[in-house]
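Hello,

Here is the structure I promised to hand over. My notes follow below it.

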Amino acid sequence: MDDAHKLPKKLIDEIHDVPPLPDVVVDVMRLTREPNTTAKQLTEIIAKDQGLTGNVLRLCNSAYYGLPRTVSSLNQAIMYLGFHTVRNLVLTCSIHNFYNPKSEIYGYQNGGLWIHVLACARVSDLISTKLRMDLKDTAYTAGLLHDIGQLIIGNQIEDTAETIVDMMLNGNMNELQAEEEVVGYTHCMLGAAVADKWNFPTELVHAIQYHHTPNQSVKNIILTDIVHLADSVVLAMGFGVALEQIKFSPQPGVLKTLGIDQAFVDTILVEAESIVKDELNMMLDL
């Protein structure tokens, strides 16, 4: 991770308390990156976790996908939906346990952070589909995990949430400034450290670390910019948001780097709102 030697001791202590990702998630992410993986191999890995298998099949059979027949096996689900969709379902079902949808995290309504990251993952996927198909898998993952640090700060570090909110409301600070003032580091730094602990690819760690400050990014710029843009779009839509101060406009340099204009952003807003509403109903059924 960038600047790892500068991490405060308190942050390092928080990382140690974060549990590892389930083996099935690690294996699925690895297999879906390998070009010769078969549906049978993927089925064998997912089937090791009965709870995960049940969730994937239930989501696969939801009205959202509108499949022509009821899917009763993982192999059928993979054949119908494809590796990309099944991978995202597996990752989402597993990360769901970390986010605890009933949590009230500063800046968001009760359960709002889970709603936000689900939406951000989908919009990151949408943007990458239009601009960089080769980044679809990583963009979805980065969108889903970009605020994992905020979850940890809000849940595990006592007596911080109210102070962070007070700093934003009355101290004329943005979210990152308030976090640094109160706990000594930002949710971006903590999230990147967690992703690094989970041995995620460097570009994914980097996107999480700089999703609020893409102007500070010096590598893996496109992925970082996609997540930054998706984050701003989803916040603008207001899903799960309780505090207007956490919203932000995309940095002008991001539009330039991605080769897009405000008209593109406006189009994404319209498309994303419809897509996100439909998918949220499905995912929140978890």
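Is asparagine 199 buried or exposed? At 68% relative accessibility, asparagine 199 counts as exposed (buried is under 20% relative accessible area, exposed over 50%, partly exposed in between, with a 1.4 Å probe and protein chains only).

First, the ground rules. This is a predicted model, in which local features need pLDDT of at least 70, side-chain atom pairs count only at pLDDT 80 or more, and totals for chains, interfaces and linings use all residues. Residues are numbered from 1 along each chain as its sequence is written, and side-chain values use heavy atoms, with hydrogens and water left out.

Two loop residues

Asparagine 199 sits in the loop between α11 (187–197) and α12 (202–209). Helices here are DSSP runs (H or I, at least four residues), numbered from the N terminus. Phi of asparagine 199 is positive, near 60 degrees. Most residues other than glycine have a negative phi.

Asparagine 172 has a positive phi too, of about 55 degrees. Its loop runs between α9 (161–170) and α10 (175–183). Asparagine 172 is exposed, with a relative accessible area of 73%.

The core

The largest nonpolar core has 96 residues (a set of buried Ala, Val, Leu, Ile, Met, Phe, Trp, Tyr and Cys joined through side-chain atoms within 4.5 Å). Those with the most contacts inside it are Ile95, Val123, Leu144, Phe200 and Leu229. Helix α5 gives the most, with twelve residues. Leucine 144 touches Leu91, Ile95 and Trp114, among others (contact means heavy atoms within 4.5 Å).

Best wishes

Terms used:
Lists of a residue's contacts leave out its neighbours within four places in sequence.
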